[in-house]
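Welcome! Take a moment to look over the sequence and the structure, and then we will walk through some aromatic rings and a helix together.

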Amino acid sequence: MKNQYNKTITACFVGYIVQAVVNNFIPLLFLHFQTTYEIPLSQITLLATFNFGIQLLTDLVSVVFVDKIGYRVAIVLAHILSASGLLFLTILPEILPVPFIGILISVMIYAVGGGLLEVLVSPVVEACPSDNKEKAMSMLHSFYCWGQAGVVLISTLFFFMAGIDNWKILAIVWALLPACNAIAFAKVPIASLIKEGDTGLKIRELFRLKVFWIIFIMMLCAGAGEQAVSQWASTFAEKGLDISKTLGDLAGPMAFAILMGLSRLFYGKLGHRINLDYFMIASSILCILSYLGISLFRLPQLSLIACALCGLSVGIMWPGTFSKAASALPKGGTAMFALLALAGDLGCSGGPTLVGMVSDQMGNNLKSGILAGIIFPILLLIGVFLCRKSVKART
């Protein structure tokens, strides 16, 4: 019975790679778009914000329609939208009078696909029969890290060998990934998240539960704690080590993503031997120490090492919080997973924003901004203890 769901889990792994493609491919083209289509940098920088804004909106709206159309239809649609957005990116800027509008429409289409994937993939894996769902969830989320690293490496190599002017060829190649995975999801078995005869909790019912709000804040802190450092890692590498942006991206965000992926892979392989609460507590403490190291070390090389260790420490936070939610609220259903995805995305945008605002107020002192961001792993650590206490009180 379980073996027939192996293809489902594999398709989910690929689904997270697809999400990594739609989130990380177009930023590599920002400067090329600026020069080729004569788009002001102020508009170019809006694309990333617009992408995550649409994903946030999709997280929220999905609560209404996913259960009505079913998980299979919704997840196939997510892949089709992701592929379509990447393909339109090669067409619309060329045929519309304003190229930026074409790029914006393309981003909007694949952002809806990416938002749906974030809402759907985790509960599909959670529903699959498994001896240790925490392991499967951690392994699943590691594939976003490998996808992120792969997109940067493969795209950089392609641009070096074929030239960045041929980026449209690579966009079409990347579009084939969600197109093929859509076909896979049309065929693989998909188990029900809620047991037969039960109904998932409604949003109003979730809002009445104390443990839900604890997990919601934990999820927000997981996203914020991750991105508050990840978004600024390249700047640390470039300024501290006086290297090019390309090398800075490899030494900063790439090292962060790889170590984050290794952390998730480690728990994905050995999670049956490790208590999830203990692993999250240890990871939160390491995250707090890495934030302190980034902020207080005087040598830039040590700060960069602390950045990488931060990637290792935050690896379990997002998938671990998902697993704790599924365990604490087994009837949470689509509404719970959608709201947690919303919380995570709010954290992903809010964490770097807080760091940037504090840094600006402190005279562009990025270390001061990172030090302010230490509130996120501290709150997550508190959340783990409160969640354990709340779950014990309910049993």
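## A buried ring and its partner

Let's begin with Phe-13, which counts as buried because its relative accessibility is 15%, below the 20% cut-off. Keep in mind that this is a predicted model. Phe-143, by contrast, has a relative accessibility of 23%, so this residue counts as partly exposed.

What turns up when the whole structure is searched for aromatic pairs? The search finds twelve of them. Phe-13 and Phe-143 form one that is stacked, with 4.4 Å from centre to centre and 10° between the planes. This pair links distant parts of the chain: Phe-13 sits in helix 1 (residues 6–24) and Phe-143 in helix 8 (residues 133–162), 130 residues apart.

## An edge-to-face pair

Now look at Phe-158 and Phe-159. Their ring centres are 6.1 Å apart and their planes meet at 70°, so this pair is edge-to-face; the cut-off for that label is over 60 degrees. Phe-159 is buried, with a relative accessible area of 14%.

## A cluster of rings

Rings can also join up in groups. Here, ring pairs connect Phe-207, Phe-212, Trp-213 and Phe-216 into a cluster.

## Checking a helix

How far apart are the end C-alpha atoms of helix 15 (residues 300–314)? They are 21 Å apart, which agrees with the 21 Å that its 15 residues should span at 1.5 Å a residue.

Which residues of helix 15 are buried? They include Ser-303, Leu-304, Ala-306, Cys-307 and Ala-308, along with Cys-310, Gly-311, Ser-313 and Val-314.

Technical notes:
Residues are numbered from 1 along each chain as its sequence is written. This is a predicted model: local features need pLDDT of at least 70, side-chain atom pairs count only at pLDDT 80 or more; totals for chains, interfaces and linings use all residues. Side-chain values use heavy atoms; hydrogens and water are left out. Rings of Phe, Tyr and Trp (its six-membered ring) pair if their centres lie within 6.5 Å; planes under 30 degrees apart count as stacked, over 60 as edge-to-face and the rest as tilted. Helices (H or I, at least four residues) and strands (E, at least two) are DSSP runs, numbered from the N terminus. Buried means under 20% relative accessible area, exposed over 50%, partly exposed in between (1.4 Å probe, protein chains only). The expected span of a helix is 1.5 Å times one less than its number of residues.
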